[in-house]
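Keep the sequence and the 3D view open while you read.

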Amino acid sequence: MRTLRRTWRQPSARISLGVLALVALLAVAGGALAPHDPLAQYPVDMLHGPSAAHPLGTDYLGRDVLSRLLAGTGSSIVGALEAVGAAMLLGIVPGIASVWLGRTVEWTAQRAADTLMIMPFTVFAIAVVGALGNGMHQAMLALGVLFAPLYFRVTRAAALGLKQAQYVEAAELMGASRWWILRTHVWGKILPTVAVTTAQAVGQALLVVASLTFLGLGVQPPAPTWGGMLASDLGYLAQQPWAPLIPGAAIMITVGALNILADAVRDSGTAAGDPRVTAPVPAVGTAAPAPASAAPAAVDPGPAAPDSVTVPDQVPDKEGELTESVASSPGRAPRTTNGHSEEVEQRVTTG
C-alpha cells in the first residue's frame, strides 16, 4: 500500500494511469461507442479523408476508421492481457517453487526457462497457430509461454534474496510452514517487482500482438485490430499517407503509458524499501546515545581511577643491560617490578 501511495503522488504516474483508464474504457465499451458499424462496407466512400460523418476518414473498403479503431481496442488489449496472464501463471509459480522445493525442481525449472528464452516469438507463435489453428487464444497461449521466463527469473531472484533474510530463517526455525512464510513474508515483498514486470510485459505483449495481427495471425479479417488496420493502410500510402499514423499512434501512446507507469512503480518501490535512519549511528568504539526520555540510571562509581597511567620505559644502557624507570603519579609512591614502593626512580645496576 505504501508503494501505491508513493506511485500516486508522482505526476507522471497519474497521467499514465489516466491514459490507461481511457484505453481500458475503450477496450470494454469501444464497440458500443463506435459511431458506425466497424464491419459495414461502403464502396462509394472509399479512401475519403476526415469529415463530419467520418472524423478519421474511411479505409479502402469505405469502412469508418474511427469505428474500427474503437472496436479493435478490445481485441488488442485483451489479447495482450491474456498473454501476460498466462506468462504470470507459468512463470511466478515455478520461480518461487525453484527456491523452496529443492535442487531437482530448481535445475529443471532453470533449464526449461533457458530453453524458452532462445525461441523467437514470431516463429514459435506461427508454429503453435499452425498446430492448434489460427485463433487469438492459441496465439496468446504461445506468447504467454515465451513471456514466462521473464517472470520466472524476476520472481526467482526476489525470492532467493528473501529466503536468506534473518526474519525468514527465524520463522523457519520456529516451525512456520512454507505456505505461511510465502504468504506472510515473501509475497508482499515480491509484489512490487511483479507489478513493474507486468506493466512492462503488457507493453511488450501489445507490440507482439500488433505484429502477429499485422501478419494475419490470431484474428481473422475483417475483425478489426490495431495491427490489422496498420497492415491494410500500408497498401494505400499514395492515397492516404497519414492513415497508418492512427493505429500506430494508438499503439505508441498505450505502450508509452505502460512503460512510464512501470518506471513510476519501480521508483516508488525503491523509495519505500530504503531504510529510515531515525537516530545518528555512533562511531566505532563509542557507546550509543541514550534516549532523551529515559531517566539516568544510578551507577556505582567504584574506586577512583588513578590520575595517570604508569607506563614502564625500558631503555638499553651502554653495556647492553636494561635500565627501567617508572613514572609515578602525583601523591603516590612508585612501584618496582617486584611490587615494592621505595624510591621515585629505580635503577638496575649492572654489576
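This is a predicted model: local features need pLDDT of at least 70, side-chain atom pairs count only at pLDDT 80 or more; totals for chains, interfaces and linings use all residues.

The protein chain has 351 residues, and 33% of them are buried. Ten helices and two strands make up its secondary structure.

**Overall fold**

- Along the sequence, the pattern runs α-α-α-α-α-α-α-α-α-α-β-β.
- Take the contacts in the protein chain with a separation of 6 or more: 66% of them join residues 24 or more positions apart.

**Nonpolar core**

- The largest nonpolar core holds 55 residues. Trp100, Met140, Leu143 and Ile190 have the most contacts inside it.
- Several helices give two or more residues to this core, among them helix 2 (11-33), helix 3 (65-100), helix 5 (121-132) and helix 6 (136-163).
- Which residues does Met140 contact, leaving aside its neighbours within four places in sequence? They are Gly79, Ala80, Glu82, Ala83, Val209 and Leu212.

**Cavity**

- The structure holds one cavity of 30 Å³ or more. The volume of the largest cavity is about 30 Å³.
- Leu47, Asp59, Tyr60, Asp233, Tyr236, Gln240 and Ala243 line the largest cavity.
- By class, this lining has four nonpolar residues, one polar residue and two charged residues.

- Gln240 sits in the loop between helix 9 (226-233) and helix 10 (245-273).
- Is Gln240 buried or exposed? Gln240 counts as buried because its relative accessibility is 5%, under the 20% limit.
- A polar atom of the Gln240 side chain lies 3.5 Å from the backbone oxygen of Leu47.
- Beyond its neighbours within four places in sequence, Gln240 contacts Leu47, His48, Gly49 and Thr58.
- Leu47 is placed in the loop between helix 2 and helix 3.
- With a relative accessible area of 26%, Leu47 is partly exposed.
- Leu47 has a positive phi, near 55°, and is a residue other than glycine. Most residues other than glycine have a negative phi.

**Ser76 in helix 3**

- Ser76 has its place in helix 3. Its relative accessibility is 5%, so Ser76 counts as buried.
- A polar atom of the Ser76 side chain lies 3.1 Å from the backbone oxygen of Gly72.
- Neighbours within four places aside, Ser76 is in contact with Leu206, Val209, Thr225 and Trp226. Val209 is also one of the contacts of Met140.

- Leu39 is found in the loop between helix 2 and helix 3. Leu39 counts as partly exposed, at 43% relative accessibility.
- How many residues separate Leu39 and Ala223 in sequence? The separation is 184 residues, with 7.5 Å from C-alpha to C-alpha.
- Leu39 is in contact with Arg63, Arg68, Pro222 and Pro224, leaving aside its neighbours within four places in sequence.
- Ala250 lies in helix 10. Its relative accessible area is 15%, so Ala250 is buried.
- Ala250 and Trp226 are 24 residues apart in sequence, and their C-alpha atoms are 7.9 Å apart.
- Not counting residues up to four places away in sequence, Ala250 touches Leu69 and Trp226. Trp226 is also one of the contacts of Ser76.
- Arg2 belongs to helix 1 (residues 2-9). Arg2 counts as partly exposed, at 40% relative accessibility.
- Arg2 and Ser268 are 266 residues apart in sequence. In space they are 8.5 Å apart, C-alpha to C-alpha.

Notes: Residues are numbered from 1 along each chain as its sequence is written. Side-chain values use heavy atoms; hydrogens and water are left out. On a 1 Å grid over the protein atoms alone, a cavity is a set of points where a 1.4 Å probe fits but cannot get out, and a pocket is an open set with protein on both sides within 12 Å along at least five of seven lines; lining residues have an atom within 4 Å of a point. Grid points are joined across faces, edges and corners, and a volume is the space filled by probe spheres set on the points. Ala, Val, Leu, Ile, Met, Phe, Trp, Tyr, Cys and Pro count as nonpolar, Asp, Glu, Lys and Arg as charged, and the others, Gly among them, as polar. Helices (H or I, at least four residues) and strands (E, at least two) are DSSP runs, numbered from the N terminus. Buried means under 20% relative accessible area, exposed over 50%, partly exposed in between (1.4 Å probe, protein chains only). A polar contact is a pair of N or O atoms within 3.5 Å; within protein, one must be able to donate a hydrogen and the other to accept it, and residues adjacent in sequence count only if both atoms are side-chain atoms. Contact means heavy atoms within 4.5 Å. A nonpolar core is a set of buried Ala, Val, Leu, Ile, Met, Phe, Trp, Tyr and Cys residues joined through side-chain atoms within 4.5 Å.
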